[in-house]
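Subject: Structure handover

Hello,

Here is the structure you asked to look at. Please open it first, then read my notes below.

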Amino acid sequence: MPLQNRVSPYGEIVAVPERGTMLGNRGILHDEHQHLVRTSQVRRWLTCVLEFKGIRRTVMSPHRYTELFFLDEATALSAGHRPCCECRREDYRRFQVCWQQAFGVRPGADEMDSRLQQDRRLRGRKVTYQDRLADLPDGTFFERAGQPGQAWLRHDGGALLWSPGGYLRREPPGDGTVTVTVLTPRATVALLRAGYQPLLHHSAYPVDQPA
């Protein structure tokens with residue numbers, strides 16, 4: 001039976017058999033029986049690589065942080081995570097540079113985590129907002145009216161339907177004036193607009209185009 005440790009673009013932690021391509025951390029979320037007892041323990045929500053310096057971990061060990069997994073970085077960003085400054089130092093620095101371009105100040109980790117916490121959750125529930133589809137940068141997740149629970153990724157002029165195992169299909173952009181519900185936090189959308197490019201699952205690309 002799969003553990004409850006996969007994260008969706010909505011920030012929900014679910015139990016599915018598919019494996020992710022990135023690791024995440026929100027603190028210790030599970031009990032001694034590998035059952036989730038909370039969805040967050042700390043304000044610092046990180047996105048990490050699966051392998052780093054040969055470190056090996058037993059998933060959901062007692063009293064150790066809960067290993068979370070994401071389809072890709074765009075999914076992690078939508079959930080409200082950011083790059084780790086240790087195992088993803090170059091990506092963290094790119095994130096900082098884009099933050100400075102978006103907000104006019106070069107931030108430290110605490111400043112970014114505080115803003116992301118504000119933008120991703122309110123009283124334990126995901127914060128979303130409305131915007132025109134045409135105004136969203138690539139890498140942003142959104143939900144269309146009348147399609148609750150379906151997360152779409154803005155990508156390469158169109159939209160990709162998310163699933164735990166990969167993107168299921170691509171659709172053309174359609175009417176860009178349509179208003180959609182944005183899942184990716186506001187601050188992160190600003191960074192995407194400033195040029196931050198998240199790592200995407202290989203299913204986001206046509207078969208004849210390398211990831």
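A residue counts as buried when its relative accessible area is under 20%. By that cut-off, 46% of the 211 residues in the protein chain are buried. Keep in mind that this is a predicted model.

**Overall build**

The protein chain has 4 helices and 14 strands. Its radius of gyration is 17 Å, close to the 17 Å that the globule rule gives for 211 residues, so the chain is as compact as a globular protein of that length. The C-alpha trace spans about 50 × 40 × 40 Å along its principal axes. Now look at contacts between residues at least 6 apart in sequence. Of these, 64% join residues at least 24 apart.

Start with β3, residues 22–25. M22 and G24 point one way from the strand. L23 and N25 point the other way. All four residues are buried.

Which strands pair with β3? One is β5 (residues 68–70), which runs antiparallel to β3 and is joined to it by 3 bridges. Another is β4 (residues 46–48), also antiparallel, again over 3 bridges. In β4, the bridge partner of L23 is C48.

As background, strands of a sheet pair through backbone hydrogen bonds, either parallel or antiparallel.

**The largest pocket**

L23 turns up again here. It is among the residues nearest the centre of the largest pocket, together with V49, L50, R57 and Y65. The lining has 29 residues in total. They divide into 15 nonpolar, 4 polar and 10 charged. Strands β1 (4–7), β3 and β4 each supply at least two of the lining residues. The space in this pocket is about 870 Å³.

**The second largest pocket**

This pocket has a volume of about 270 Å³. Its lining holds 13 residues. Nearest its centre lie Y10, E12, G124, R125 and K126. By class, the lining has 3 nonpolar, 4 polar and 6 charged residues.

**The six-stranded sheet**

Next, find the open sheet of 6 strands. Its order is β9-β14-β10-β11-β12-β13, and the pairing is antiparallel.

F142 stands opposite W152 in β11.

**Helix α4**

Is α4 (residues 186–193) mostly covered or mostly uncovered? It is mostly covered, with 6 of its 8 residues buried. Those buried residues are A187, T188, V189, A190, L191 and L192. What covers them includes three helices: α1 (73–79), α2 (89–103) and α3 (109–120). Strands β9 and β14 (179–182) are also part of the cover. Both of these strands belong to the six-stranded sheet above. After α4 comes G195, which has a positive phi, near 120°.

**Where to begin**

Best wishes

Terms used
Residues are numbered from 1 along each chain as its sequence is written. This is a predicted model: local features need pLDDT of at least 70, side-chain atom pairs count only at pLDDT 80 or more; totals for chains, interfaces and linings use all residues. Side-chain values use heavy atoms; hydrogens and water are left out. Buried means under 20% relative accessible area, exposed over 50%, partly exposed in between (1.4 Å probe, protein chains only). Two strands pair if DSSP finds at least two bridges between them. On a 1 Å grid over the protein atoms alone, a cavity is a set of points where a 1.4 Å probe fits but cannot get out, and a pocket is an open set with protein on both sides within 12 Å along at least five of seven lines; lining residues have an atom within 4 Å of a point. Grid points are joined across faces, edges and corners, and a volume is the space filled by probe spheres set on the points. Ala, Val, Leu, Ile, Met, Phe, Trp, Tyr, Cys and Pro count as nonpolar, Asp, Glu, Lys and Arg as charged, and the others, Gly among them, as polar. The radius of gyration is taken over C-alpha atoms; the globule rule is 2.2 Å times the number of residues to the power 0.38. Contact means heavy atoms within 4.5 Å.
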